[in-house]
Amino acid sequence: MTIHSVWFWAPMHMLQAYPMTRVLPLPDFIIPFAHLMWVPMYLAEHWTGLADPVVTAFTFSESYAIPFSALILFSFWYFCHKQSNNKTLVKIMIVLYFGFLAMSVNGWFGFIGSPKKTYEDQIAANADPEFNRHHTLLHVWYLACLWIASLTVPFEKLATGGKAKNDTQSDDKSQYTYSSITNPEVNIESGMQD
């Protein structure tokens, strides 16, 4: 089966960026920036031959997006392992992820789903039904490894965990105590008894 709709691949790429960036420091900056960097990689892999600007995306992807994604990937595995509540599972996911990466890059066991090095080769690969099957497997495998590992990091350990609050909340911790709810004599505004 050849995937003719280029939109089929968009979520496969975008869903990889979030689990890798959610465990990193500065998530308010890194999460949107990583999603923006994943767009040229998506275009370079799946829009090749469909529009002239994709050649620029392919070049940009090779020069900047792939090194950036490698930096994010290694940072992800480091921070994920460091913050995880299940370090053994993260280690298993690291082995499965990089084992599959080595298999896909080197073509072991006849696997041909890895993105190609040249624009022309990528155009030919996108038209190949076997490449599409293998490339789908590659994305699903990576998504599973990344999400399983990422979800072993509890929310409290994330850079935003437990710190997110809206503008209407006060920094006064005594404002919302159990006693202020159960004892009507307590002034909720000040946390003090009248």
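The following dialogue examines how terms are applied to this predicted model.

Tutor: Residues are numbered from 1 along each chain as its sequence is written, and side-chain values use heavy atoms, with hydrogens and water left out. Because this is a predicted model, local features need pLDDT of at least 70 and side-chain atom pairs count only at pLDDT 80 or more, whereas totals for chains, interfaces and linings use all residues.

Student: Why is Phe-68 called buried?

Tutor: Buried means under 20% relative accessible area, exposed over 50%, and partly exposed in between (1.4 Å probe, protein chains only). Phe-68 has a relative accessible area of 16%, so Phe-68 is buried.

Student: Why is Phe-33 called partly exposed?

Tutor: The relative accessibility of Phe-33 is 33%, so Phe-33 counts as partly exposed. Tyr-78, at 48%, is likewise partly exposed.

Student: What makes Phe-33 and Phe-68 an edge-to-face pair?

Tutor: Rings of Phe, Tyr and Trp (its six-membered ring) pair if their centres lie within 6.5 Å; planes under 30 degrees apart count as stacked, over 60 as edge-to-face and the rest as tilted. For Phe-33 and Phe-68 the centres are 5.2 Å apart and the planes form an angle of 90°, hence an edge-to-face pair. Phe-33 lies in helix α2 and Phe-68 in helix α3, so the pair ties together parts that are 35 residues apart in sequence. Helices (H or I, at least four residues) and strands (E, at least two) are DSSP runs, numbered from the N terminus.

Student: What makes Tyr-78 and Phe-79 edge-to-face?

Tutor: Their centres are 5.1 Å apart, with 80° between the planes. The structure holds 14 aromatic pairs.

Student: What makes a set of residues a nonpolar core?

Tutor: Such a core consists of buried Ala, Val, Leu, Ile, Met, Phe, Trp, Tyr and Cys residues joined through side-chain atoms within 4.5 Å. The largest one has 30 residues, and Val-23, Trp-38, Phe-76 and Trp-77 touch the most other members. Helices α1, α2, α3, α4 and α6 each supply at least two residues of this core, and the largest share, eight residues, comes from α3.
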